[in-house]
Amino acid sequence: MKGLFVSFEGIDGAGKSTHVEALAAAFRAAGRGVVLTREPGGTPLAEKLRALALNEPMDALTEALLMFAARRDHLLQVIEPALARGEVVLCDRFTDATFAYQGAGRGFDLQVLATLEQWVQAVPGAQGIRQPDLTVWFDLDPAVAAARLAGARVPDKFEAQPQAFFARVAAGYAARAAADPGRFLRVDAAQDRAAVWAAVEEGVRARGLLR
């Protein structure tokens, strides 16, 4: 079977991670092999870079370079081999997060990010650059997300950002979705958990990706 690459995106507190496991179970029930992974991270090297990017102070360019370095290793070591085996890759965040967080949130040059995207995601076997076949975007008002996160755990440096930062991040996601609407499945993440899952499952089935 042909490999399938699905990413999950949304601001912190949108609840996307809750539904990754549920979709993995649905694909396994349909007879598909599934790889669950995340960004930044997914390999031993990328996890080390994740720890630096999420916790150490640095300028936006350094941050972006770490994200894309982790992504390159992740693509070559995990994502591409799984797709070649015909498996389903479910990834908690991918490049859209870099454009939303480092680009819109931190105000970093989007053209530089686009150049890095072209370099890093040019991999053997991909037509053009590697992008997800589907991106499930959990869209949520930053004020609601902040209320959900309050007191949940010790925040990393991104989760500790003010609400205005997340408003910019949310706008960054909306811009990415508008630029590539065929790839994005927007889910209203303000609904209760059951309704959100129903929207995810229905959207994936409607695209013929889950039978």
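How many salt bridges does a search of the whole structure find? In this predicted model, the search finds 13 salt bridges. Side chains of opposite charge can pair when their charged atoms come close.

One of the salt bridges joins arginine 93 to aspartate 12, with 3.4 Å between the closest N and O atoms. Arginine 93 is in the loop between β3 (88–92) and α4 (95–105), while aspartate 12 is in the loop between β1 (4–9) and α1 (16–29), so this pair ties together parts of the structure that are 81 residues apart in sequence. Arginine 93 and aspartate 12 are both buried.

A salt bridge is also formed by the side chains of lysine 16 and aspartate 92, at an N to O distance of 2.5 Å. Here the partners belong to a helix and a strand: lysine 16 lies in α1 and aspartate 92 in β3, so parts that are 76 residues apart in sequence are tied together by the pair. Lysine 16 has a relative accessible area of 7% and is therefore buried. Aspartate 92 also counts as buried, because its relative accessibility is 15%, and the cut-off for a buried residue is under 20%.

Arginine 85 and glutamate 87 meet through their side chains in a salt bridge of 2.9 Å, N to O. Arginine 85 is exposed, because its relative accessible area is 53% and exposed means over 50%.

The packing of helices was examined for α2 and α3. Helix α2 covers residues 44–55 and helix α3 covers residues 60–84; their axes are 9 Å apart and the helices pack at an angle of about 160°. Angles over 145 degrees count as roughly antiparallel, and α2 and α3 are therefore roughly antiparallel to each other. The crossing of these two helices is left-handed.

On the α2 side, the contact involves Leu45, Ala46, Leu49, Leu52, Ala53 and Leu54. These residues meet Glu63, Leu66, Met67, Ala69, Ala70 and Asp73 in α3. Sorted by type, the residues of the contact between α2 and α3 comprise 10 nonpolar and 2 charged, with no polar residues.

How values were computed. Residues numbered from 1 in each chain as written. Predicted model: local features only at pLDDT ≥ 70, side-chain atom pairs only at ≥ 80, totals over all residues. Heavy atoms only, no water. Axes fitted to C-alpha atoms, helices over the stretch in contact; angles between N-to-C directions. Helix = DSSP H or I, 4+ residues; strand = E, 2+ residues; numbered from the N terminus. Parallel < 35°, antiparallel > 145°, perpendicular 65-115°, else oblique. Left-handed = near helix turned anticlockwise from the far one by under 90°. Contact = heavy atoms within 4.5 Å. Nonpolar A, V, L, I, M, F, W, Y, C, P; charged D, E, K, R; others polar. Salt bridge = Lys/Arg side-chain N within 4 Å of Asp/Glu carboxyl O. Buried < 20%, exposed > 50% of the residue type's maximum accessible area, 1.4 Å probe, protein only.
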